Amino acid sequence: MQMSDIPFGVTDWSQVERSEHAGESGMAYWRTRQFGAIRVRMVEYTPGYLADHWCVKGHVLLCTAGELHTELADGRRFVLAPGSSYQVADGAEPHRSSSPNGATLFIVD
């Protein structure tokens, strides 16, 4: 990842407008900042959230609260708790998120 032309800045995520994204079940609420080609998000999944698609976008993702379940298209499954993260490249491995009890995530992609 090449990061350039981004001056120092501080983000108060509570002041960033929230957008709604319905899953197959539950909701995802995104607060998004764009820095050139880099998207940075705080994402909240409601309890019972299940993504409505298999994602092929690369991410660096940190779970800050709750519990995130991630399923890969090949059947592998992973559970992230607060303080754990994953990383995956664009087009590397399709993945899908769910959260039985809700989760908050910090994502860079």
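Colleague: In strand 10, which residue is the bridge partner of Val40?
Modeller: Val108 is the bridge partner of Val40 in this predicted model.

Colleague: What makes strand 3 and strand 10 a pair?
Modeller: Pairing requires at least two bridges between two strands. Six bridges join strand 3 to strand 10, residues 103-108, so the two strands count as paired. They run antiparallel.

Colleague: Where do these strands sit in the open sheet?
Modeller: The order is 1-2-3-10-5-8, with antiparallel pairing among the six strands.

Colleague: Why are strand 1 and strand 8 called edge strands?
Modeller: Strand 1 and strand 8 (85-88) each pair on one side only. On average, neighbouring strands of this sheet are turned by 25° against each other, direction ignored.

Colleague: Which strand gives the largest share of the lining of the largest pocket?
Modeller: Strand 3 does, with four residues. The lining has 20 residues, and among those nearest the pocket centre are Trp30, Arg41 and Tyr45. The space in this pocket is about 310 Å³.

Colleague: How do the lining residues of the largest pocket divide by type?
Modeller: Eleven are nonpolar, five polar and four charged.

Colleague: Why is Asp5 called exposed?
Modeller: Exposed means over 50% relative accessible area. Asp5 has 80%, and therefore it is exposed. Asp5 lies in the segment before strand 1 (18-22).

Colleague: What is the phi of Asp5?
Modeller: The phi of Asp5 is positive, about 55°, although Asp5 is not a glycine.

Notes. Residues numbered from 1 in each chain as written. Predicted model: local features only at pLDDT ≥ 70, side-chain atom pairs only at ≥ 80, totals over all residues. Heavy atoms only, no water. Buried < 20%, exposed > 50% of the residue type's maximum accessible area, 1.4 Å probe, protein only. 1 Å grid on protein atoms, 1.4 Å probe; cavity = no way out; pocket = protein on both sides within 12 Å on 5 of 7 lines; lining within 4 Å. Points joined across faces, edges and corners; volume = space filled by probe spheres on them. Nonpolar A, V, L, I, M, F, W, Y, C, P; charged D, E, K, R; others polar. Axes fitted to C-alpha atoms, helices over the stretch in contact; angles between N-to-C directions.
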